[in-house]
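Dear colleague,

Here is the structure we spoke about. Please have a look at it alongside my notes below.

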Amino acid sequence: METTARVVVIGGGVVGCSILYHLAKNGWNDVTLLERQELTSGSSWHAAGGLFTVVRPNSAAEMHRYTFQIYRELEESGQACGFHSTGGLNICRTQEEIDSNSMMQSACRRLGIEGHFISLEEAKQKAPVLDTDHMIGAFWEEEGGHVDPASATQAFAAAARQLGATIHRHTPVTATKQRADGTWDVVTEKGTIHAEYIVNAAGLWGREVGRLAGIELPLMPVEHHYLVTETIPLVENLGFELPQINDNETGCYARQEGMGMLLGAYEHTCTHWAKDGTPADFGHELLPDDLSCMEWNFERSVEIMPCLAEAGVKRVINGPMIFSPDLSPLIGPHPALRNYFCANGIMAGFNQGGGIGRVMAEWIIGGEPEIDIFNWDVARFGDFATQKYTEDMTRYFYENRSEKIFPYQSFPAARPQAKSPVHDKLAAQGAVFGTGFGSEHATWFAPEGVKAEDSLTYRQPNWWGPVAEEGKRLRSGVGLFEFSDMAKFEVSGPKAAEWLDHIMANRLPKPGRLCLSPMLSDSGRVIGDFTISNLGDRYLLVCTYAMQLAYLRHFRKYLPADGVELQNLSDDLAGLSIAGPNAKALISRLADHDMSTNGFPFLSAGEITLAGIQNVIALRVSYTGETGYELYLPRTDQPALFDALVAEGEQYDLSLCGLRSLMMLRLEKGFAAWGTELTSDYFAHECGMMHHVKLDKGDFVGRVAAQNYGAARERPITLTVDAGDDAIWGDEAIFLDGEPVGYVSSGGWGPVTEHHIALGYVPVNSYHEGGAYSVEILGRLCPAQLQPNPLFDPAGSRMRE
């Protein structure tokens with residue numbers, strides 16, 4: 001066995017073999033895969049192999065689409081993978097399911113993925129096994145089908161070998177040891193391989209392989225049933241192959257298998273398996289089956305496929321699958337380790353494996369993926385994702401696979417999560433809470449007589465009016481937000497300024513001032529959006545709470561051995577924020593500092609004493625378009641400051657506001673948000689950030705790329721939309737002259753301007769003032785008007801007063 005390799009991939013399932021293939025395809029053929037038993041041992045061999053491409057978000061749809069395409073390419077190159085391109089049918093039993101598919105159809109227009117509704121008659125023609133009496137609609141996707149699990153895995157493996165990669169079977173990894181230079185020794189009974197990078201693609205053994213490197217991955221195995229029928233005469237006599245059939249409202253999927261059918265179900269009762277660790281000797285075994293677990297699912301499937309009722313059962317598969325808390329993959333560089341990549345918890349490996357192989361190869365070779373894939377990034381989970389949390393979340397999402405996910409929906413599992421010190425005070429005032437990165441936050445406040453709970457709908461929910469009222473009250477008085485859920489980093493030391501200047505694209509602010517700055521990747525993509533405050537002896541960086549581990553991972557990539565002290569204070573400092581025309585008067589009543597515009601102008605930063613509390617970090621910055629202040633202080637001091645602001649604020653028309661009103665208010669100003677308008681899908685000149693990129697300040701990460709930007713592919717657009725009683729949430733297609741040209745990145749209601757507002761992107765040559773735009777909302781084209789300027793206070797004078 002070789003003693004060195006550029007990359008060692010641990011795990012020979014479809015994902016590991018795909019990663020190996022894509023590394024070799026991109027020129028890295030000094031790569032090795034180690035498999036403890038045979039290829040496909042674990043979960044791959046017993047997978048159903050279904051393929052579908054119409055899915056949200058777009059990054060997932062792109063992964064599915066690419067995987068579908070790579071199977072076709074492998075087949076055409078002579079690598080048989082049992083690929084069946086049959087198309088796919090989504091069954092719609094309710095109007096909500098039609099709405100859900102309409103939203104996915106609109107979202108997928110961005111990628112050119114074809115899907116459309118068909119009549120029930122046409123659905124029965126494509127799938128004669130259907131009884132459409134229990135259906136009110138059917139959605140057809142062209143790129144649906146299935147692959148043979150063993151053949152697909154072997155196809156990736158064979159293609160990788162042809163490109164020079166090496167595979168060792170029956171070679172379990174017994175240790176992974178990192179050297180001082182960041183490289184790894186991968187120890188097996190057959191010898192040790194010294195590798196620059198490790199990829200943990202160990203499937204059911206992802207936890208165990210992670211523990212060899214000292215990390216605990218939030219993963220939990222679950223039992224999953226499907227059955228294969230005997231020959232069904234109706235299927236046998238068709239003369240063509242049935243499409244993939246998805247009945248999301250029952251958590252079921254079906255396809256043709258031989259002359260019978262395969263039926264799988266996400267059972268109503270989740271059964272976890274091997275909670276504390278996958279047995280070392282487990283391989284091509286199955287678990288004892290219990291068809292009673294899927295009895296409800298089976299009965300609902302017989303309603304629409306009556307032939308199943310008379311079919312004999314040929315075999316039952318109950319195999320373990322390993323999931324992350326939200327049932328989405330954990331991929332990318334682990335934030336706690338150098339040169340250690342994860343590709344774990346991949347539920348739909350045959351639907352996503354090709355795309356994951358591509359993205360992982362891009363990440364390893366080029367340092368970043370070519371699309372924003374944070375929704376699958378391993379860094380989206382922190383220490384809050386304990387074993388108990390993972391067990392509770394996997395149970396909830398598995399048992400509720402038949403339920404749709406609605407806009408802004410918060411899930412009840414593993415709640416409550418971490419609370420702010422004023423959580424109970426907010427709850428007493430009617431706060432409705434959501435969660436993010438393991439923490440509770442107030443989303444809106446239910447007025448008296450309104451239930452403090454979200455209604456779930458694709459249209460206007462029960463909080464639509466109350467949230468708009470919060471925004472109106474803020475614009476006429478002052479609004480108070482609990483603002484702890486922001487990532488906060490303190491940077492100090494003799495080299496602090498030099499280091500920050502290197503990783504940030506804007507010039508650093510002078511003492512007592514703050515600036516907004518994008519952070520760029522080497523290729524010039526926008527990978528972060530920061531408020532940087534110069535507090536004299538140190539800098540405070542404030543950014544998106546959920547991104548903190550991803551940012552730490554990037555920071556550490558450039559952190560010098562000495563001279564810079566970096567602290568993550570995200571959970572040490574609590575936050576409050578006030579904004580509105582009366583905010584300056586309120587803070588002036590409580591501060592020991594001159595808070596007038598002359599004494600503390602817009603974009604000021606400093607430590608003040610506020611309501612007798614010393615060393616409160618005050619930032620004069622606005623995300624509402626009004627005079628605003630973000631206030632950060634130790635958690636123990638937050639309740640006292642909250643009480644003081646509420647008491648003193650009575651004379652200034654203070655009202656409590658949730659984060660949803662903040663997101664509505666920023667739409668009126670056209671302010672971008674991280675994760676919607678600002679993502680790593682875009683370069684700085686495409687997302688309106690170039691005025692924060694200072695090419696003349698000297699060298700910084702991404703500067704060369706930014707100097708050489710080509711023509712922008714897309715540009716931001718703001719639209720007001722005639723949506724009536726509907727709502728805009730994001731991902732809706734934007735049409736120009738009746739043709740889809742762009743997409744909505746985020747949307748909502750303007751509390752004061754009283755318009756449906758959509759922020760989004762269109763190609764540069766599709767931006768026309770006065771153009772005949774429309775936005776597709778639940779299958780309906782709603783007229784839209786381009787707004788070249790912010791709808792509220794376009795000059796921006798109110799936040800600077």
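Which residues of helix 8 (residues 295-304) are buried? They include Asn-297, Ser-301 and Ile-304. Keep in mind that this is a predicted model. The three residues span an arc of only 55° around the axis, so they sit on the same side of helix 8. What covers them? Among the elements over the buried residues of helix 8 are strand 5 (88-92) and strand 14 (244-247). Strand 15 (252-257), strand 16 (260-265) and helix 9 (307-310) also belong to that cover.

Three strands make it up, in the order 3-8-4. The sheet is open, and its pairing is antiparallel. Strand 3 (50-51) and strand 4 (84-85) are the edges. Each has a single partner strand, so one side of each has no neighbour in the sheet. Two bridges join strand 4 to strand 8 (residues 145-146), in the antiparallel sense. In this part of the sheet, His-84 stands opposite His-146 in strand 8.

Last, Asn-58. This residue lies in helix 2, which covers residues 58-76. Is Asn-58 buried or exposed? Its relative accessibility is 8%, and buried means under 20%, so Asn-58 counts as buried. What does Asn-58 touch, once neighbours within four places in sequence are left aside? Its contacts are then Ala-107, Cys-108, Arg-110 and Leu-111.

Best regards

How values were computed. Residues are numbered from 1 along each chain as its sequence is written. This is a predicted model: local features need pLDDT of at least 70, side-chain atom pairs count only at pLDDT 80 or more; totals for chains, interfaces and linings use all residues. Side-chain values use heavy atoms; hydrogens and water are left out. Helices (H or I, at least four residues) and strands (E, at least two) are DSSP runs, numbered from the N terminus. Buried means under 20% relative accessible area, exposed over 50%, partly exposed in between (1.4 Å probe, protein chains only). Contact means heavy atoms within 4.5 Å. Two strands pair if DSSP finds at least two bridges between them. The arc is that of the directions from the helix axis to the C-beta atoms.
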